[in-house]
Amino acid sequence: MSDYDFDLFVIGAGSGGVRASRIAAAHGAKVAVAEEHKVGGTCVIRGCVPKKLLVYGAHFAEDIKDARRFGWDISDCSFDWPTLRDNVIGEVSRLEGLYQQTLDNNKVTTFHERATVEGPHEVRLASGKLVTAKVILIAVGAWPNVPDVPGAELGITSNEVFHLEKMPKRVAIFGGGYIANEFAGIFHEFACQVTVVLRGDQILRGYDEQIRDRLLQISMAKGINFRFNAPLEKIEKQEDGSLKVFIEGGDPIETDLVLFATGRNPKIDGLGLDKVGVETAKGAIKVDEYSRTNVESIYAVGDVTDRVQLTPVAIREGHAFADTVFGGNPRTVDYGCIPSAVFSHPPIGAVGMTEGEARNTLGAVKVYTSDFRPMKNTLANRNERSLYKLICEETTGRVVGIHMIGPDAPEILQAAAIAVKAGLTKDDFDATVALHPSMAEELVLMR
């Protein structure tokens with residue numbers, strides 16, 4: 001008989017926590033998980049999944065317009081936000097049920113309440129119950145950052161955006177990262193007047209300069225406004241219910257909705273980490289390569305560790321943790337060459353080094369580009385051009401980075417990322433016969 005109630009207690013039933021729970025249970029561990037909101041976490045409930053569904057919904061605005069050039073007699077269509085909103089919420093609820101079913105099928109006990117760390121082997125539930133476990137895993141993820149300025153409570157974050165009662169006419173989005181640019185595209189396609197406000201002078205820091213510049217050009221051509229070097233001072237509500245946003249050194253912005261997309265912070269407040277001396281750094285839980293904290297019995301995975309805030313990474317961390325601790329197979333996660341995407345309009349896909357990173361790291365590099373107008377855009381009389389880049393080590397020809405902006409770029413990039421991970425060369429790309437006619441064929445035709 002175990003001296004503990006459970007072999008493993010997981011705090012947080014998001015992507016990382018659910019994967020860790022399922023794999024640990026498959027290894028024979030007695031597992032419990034606590035979730036204070038909904039099973040599925042940020043990605044499924046209030047992040048990637050509902051966001052991508054909104055992206056699909058928004059793209060019909062362009063598809064319907066383009067269809068006329070392809071011979072379809074389509075009358076003017078009207079968009080009904082409540083229909084899309086409710087259908088997305090319904091799909092999220094369905095997925096939540098599947099995640100719960102996964103836990104149930106693996107005999108994982110679920111506590112639908114908040115849990116905090118009480119000791120190295122103790123967890124306190126919101127109901128007051130004290131539960132013991134041989135190992136505790138913290139997988140509570142991150143939470144949207146809200147600027148500390150007067151009137152900030154008048155704005156919303158990506159958590160609330162999926163539940164808007166009605167579609168606003170004007171939106172001010174604060175931030176320059178992927179969430180800001182994705183929702184800028186979504187709201188624009190829903191016929192909103194969009195203004196993106198940034199503290200600095202660049203969108204999408206960390207992405208290749210040419211690619212993000214191309215997105216900026218396309219976004220501005222569509223009619224999305226950008227305010228750079230514009231720190232937020234305060235927000236005031238007007239008599240008519242609209243909002244007035246005051247910017248340092250610039251004219252105020254009048255809008256109907258303020259969306260904060262200014263990053264996400266590990267959600268460690270009130271977890272009880274100080275009670276057991278779990279070390280943190282810059283607001284995140286410190287862990288070693290096996291996701292273990294400085295307290296031997298406590299581990300952490302996912303966004304709460306702020307290593308790489310991506311759902312597939314959290315899943316791999318959770319899986320590796322379970323194999324290591326309960327499967328007798330010590331494993332770490334390889335953080336190199338992780339593909340990523342921005343589901344903007346048009347979307348971006350990227351893997352490996354940017355051109356700047358490659359020059360700083362490798363010195364001599366060769367850069368190949370294809371700047372083209374997709375066939376569909378040509379017939380649709382849409383002037384948006386796609387841009388693909390291959391970054392190669394000059395001496396070996398090894399492809400160290402691929403960066404793309406254009407229709408379906410993330411779908412193409414996933415397969416191309418395998419080539420970069422495998423260390424294939426430009427000659428390998430050149431030796432591959434093109435799949436014609438396709439946009440993806442540009443990857444093997446660059447000279």
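Select Lys107 first. Lys107 is exposed at 72% relative accessibility (buried means under 20% relative accessible area, exposed over 50%, partly exposed in between, with a 1.4 Å probe and protein chains only). Lys107 sits in the loop between α4 (81-105) and β3 (109-111). Helices here are DSSP runs of H or I with at least four residues, strands are runs of E with at least two, and both are numbered from the N terminus. Check the backbone: Lys107 has a positive phi of about 60° and is not a glycine.

Two notes on the model before moving on. The model is predicted, so local features need pLDDT of at least 70 and side-chain atom pairs count only at pLDDT 80 or more, while totals for chains, interfaces and linings use all residues. Residues are numbered from 1 along each chain as its sequence is written, and side-chain values use heavy atoms, with hydrogens and water left out.

**Next stop: Leu204**

Go to the loop between β10 (193-197) and α6 (209-222), where Leu204 lies. Leu204 is another non-glycine residue with a positive phi, about 50°. Is Leu204 buried or exposed? Leu204 is buried, with a relative accessible area of 3%.

**Cis peptide bonds**

Select His345 and Pro346. A cis peptide bond joins them, with omega about 5°. Pro346 is in the loop between β20 (340-342) and β21 (348-352). Now select His436 and Pro437. They are joined by a cis peptide bond too, with omega about -10°. Pro437 is placed in the segment after α12 (426-430).

**Helix α8**

Color residues 311-326. This is helix α8, with 16 residues. From its first C-alpha to its last it reaches 22 Å, close to the 22 Å expected at 1.5 Å a residue (the expected span is 1.5 Å times one less than the number of residues). Show side chains. The buried residues of α8 include Val313, Glu317, Phe321, Asp323 and Phe326. What do the buried residues of α8 pack against? Their partners are β1 (6-11), α1 (15-26), α2 (41-46), α3 (48-67), β6 (130-138) and β19 (298-300). Contact means heavy atoms within 4.5 Å. Step just past the helix: Gly328 takes a positive phi of about 65°.

**His188 in α5**

Select His188, in helix α5 (residues 178-189). Leave aside neighbours within four places in sequence, and His188 is in contact with Val194, Lys222, Gly223 and Ile224. Its side chain reaches the backbone oxygen of Lys222 at 3.3 Å. That is a polar contact: a pair of N or O atoms within 3.5 Å, where within protein one must be able to donate a hydrogen and the other to accept it, and residues adjacent in sequence count only if both atoms are side-chain atoms.

**Salt bridges**

Side chains of opposite charge can pair when their charged atoms come close. A salt bridge here is a side-chain nitrogen of Lys or Arg within 4 Å of a carboxyl oxygen of Asp or Glu. How many salt bridges does this rule give? The count comes to 29 salt bridges.

Select Glu182 and Lys51. They form a salt bridge, with the closest N and O atoms 2.7 Å apart. The pair links distant parts of the chain, Glu182 in helix α5 and Lys51 in helix α3, 131 residues apart. Glu182 is buried at 1% relative accessibility. Lys51 is buried at 8%.

Move to Arg382 and Asp66. Their closest N and O atoms are 2.9 Å apart in a salt bridge. Arg382 is in the loop between α10 (375-379) and β23 (386-393), Asp66 is in helix α3, and the two are 316 residues apart. Both Arg382 and Asp66 are buried.

Then select Arg124 and Glu118, whose side chains meet in a salt bridge (3.8 Å, N to O). Arg124 is partly exposed at 29% relative accessible area, and Glu118 is partly exposed at 27%. Finally, show Glu62, Asp66, Glu189, Lys222, Arg382 and Glu384 together: salt bridges that share partners join them into one network.

**Last stop: cysteines**

A disulfide is a pair of cysteine sulfur atoms within 2.5 Å. By this rule the count is zero disulfides. Cys48 is partly exposed, at 35%. Cys192 is in no disulfide either; its nearest cysteine sulfur, that of Cys77, is 18 Å away. Cys192 is buried, at 5% relative accessibility.
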